[in-house]
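Subject: Structure handover, side-chain contacts

Hi,

Here is the structure for your files. My notes on its side-chain contacts follow below.

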Amino acid sequence: MSDLRVIERIFSNNNHSPTILIANMQISNNIQTNLNKIEEIIEIAHKKNVNIVILPELCITGYIWNTKNTKEVYDHLLAGENNQISKWIKNIRNSFENNGLEYIFYNNAVLKNNELYNASFVLNCNVNYWDERYIYNKIFLSEIEKKYFKSGSDKRLTIDTKWGRFGFLICYDLNFVELAKQYTFTDEVDAIVTMAAWRSEATREYPMMNVKTDHYYGFLWDLMNSSKAAYNQIWSLGANIVGEHEKDGTYFWGGSGIWTPSGLQLLRASNIKEELILIRNLDIKGEKQKERNKLNYSIDFKEFHRKLKENKKNVKYTM
């Protein structure tokens, strides 16, 4: 019997809406340990008739660590990159048959043309997960990641499901509002999935005001997910690592969660321990439309930009 705690809630009476499981995982630097844990999570998903599973960033290899021995880290990433676990992936995807599980969104290192990328993949019976149309390569890399990964292009990833359209971000991408706006206003997604290895500890202090936090990065995770949902009027689904890194002691914030199109947090996992949060009947399209019926930002946004374009045609510049 699994000792992974499952927090389960019901969102609506709409049985045609998906059941979504988000893993707030403590990830090891032992690749086989991580594969075993993911199998355990997927088994739970099968038993509970989950439709979509979302896993954190670098859930196969574990996150990279600060060290002068960069070759050690690079070799570790190569050992667990996506080509090396293709048989395992095939077995996982085969387990979808005759079950309610239709999608697993996961993130892993991948080697292409002798370059490593930090990439998110879509597992589904009708999708070739090696098809570039279904892969998102992380665009915005942190300083430590630049030592090992090549940045992705500006290509976004969207997938259409019977429950709505999903877009994808990876960790640090979350800080760049233009990317989320492109997903919302150009791609017209209903939800953005963020897979992350988001840290906790960073100090910000304003001594004259007696304001201080030692968990500024954690504050940003909560803020960015909430604001991304609110200013775009879409769902935000975030899966994050939790707990201490085995190699360098970095602490990850956890706090995996679901934020509504109003920006309110619907369900949130622990900042200190592993949990699986599971929500049934998440009415993605219906709730987004309800929110927009009350106040639709996009109408005013599009009207404003239409006028800007019209006015721009009539502008004459003189020297």
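Arg5 and Glu275 form a salt bridge, with their closest N and O atoms 2.4 Å apart. The term covers a side-chain nitrogen of Lys or Arg within 4 Å of a carboxyl oxygen of Asp or Glu. Arg5 sits in the segment before β1 and Glu275 in strand β17 (residues 275-280), so the bridge ties together parts that are 270 residues apart in sequence. Strands (E, at least two residues) and helices (H or I, at least four) are DSSP runs, numbered from the N terminus. Glu275 is buried at 4% relative accessibility. Arg5 is partly exposed at 44%. Here buried means under 20% relative accessible area, exposed means over 50%, and partly exposed is in between (1.4 Å probe, protein chains only).

Before you go on: this is a predicted model, where local features need pLDDT of at least 70, side-chain atom pairs count only at pLDDT 80 or more, and totals for chains, interfaces and linings use all residues. Residues are numbered from 1 along each chain as its sequence is written, and side-chain values use heavy atoms, with hydrogens and water left out.

More on charges. The search of the whole structure gives 16 salt bridges. Side chains of opposite charge can pair when their charged atoms come close.

- Lys112 and Glu132 meet at 3.3 Å, N to O. Lys112 is in strand β4 (residues 103-112), and Glu132 is in the loop between β5 (115-123) and β6 (135-137). They are 20 residues apart, and the pair links distant parts of the chain. Lys112 is buried, with a relative accessible area of 16%. Glu132 is partly exposed at 36%.
- Lys146 and Glu143 form a salt bridge at 3.0 Å, N to O. Lys146 is partly exposed at 47% relative accessibility. Glu143 is exposed at 60%.
- Glu8, Lys48 and Arg280 are linked in a salt-bridge network.

Lys112 has a second contact to check. It lies over the face of Tyr117, at 4.8 Å from the ring centre. The criterion is NZ of Lys or CZ of Arg within 6 Å of the ring centre and within 35 degrees of the ring normal. Arg156 lies over the face of Tyr183, at 6.0 Å from the ring centre.

Now the rings. How many aromatic pairs does a search of the whole structure find? The count is 15. Rings of Phe, Tyr and Trp (its six-membered ring) pair if their centres lie within 6.5 Å; planes under 30 degrees apart are stacked, over 60 edge-to-face, and the rest tilted.

- Phe11 and Trp235 are an edge-to-face pair, 5.6 Å centre to centre, with 80° between the planes. Phe11 is in the loop between β1 (6-10) and β2 (20-24) and Trp235 in strand β12 (residues 235-240), so the pair ties together parts 224 residues apart in sequence. Phe11 is partly exposed at 24% relative accessible area. Trp235 is buried at 0%.
- Trp221 and Trp259 are also edge-to-face, at 6.4 Å centre to centre and 80° between the planes. Trp221 is in helix α5 (residues 216-232) and Trp259 in strand β15 (residues 257-259), 38 residues apart. Trp221 is buried at 0% relative accessibility. Trp259 is buried at 1%.
- Tyr103, Phe105, Trp163, Phe166 and Phe168 are linked by ring pairs into a cluster.

Best regards
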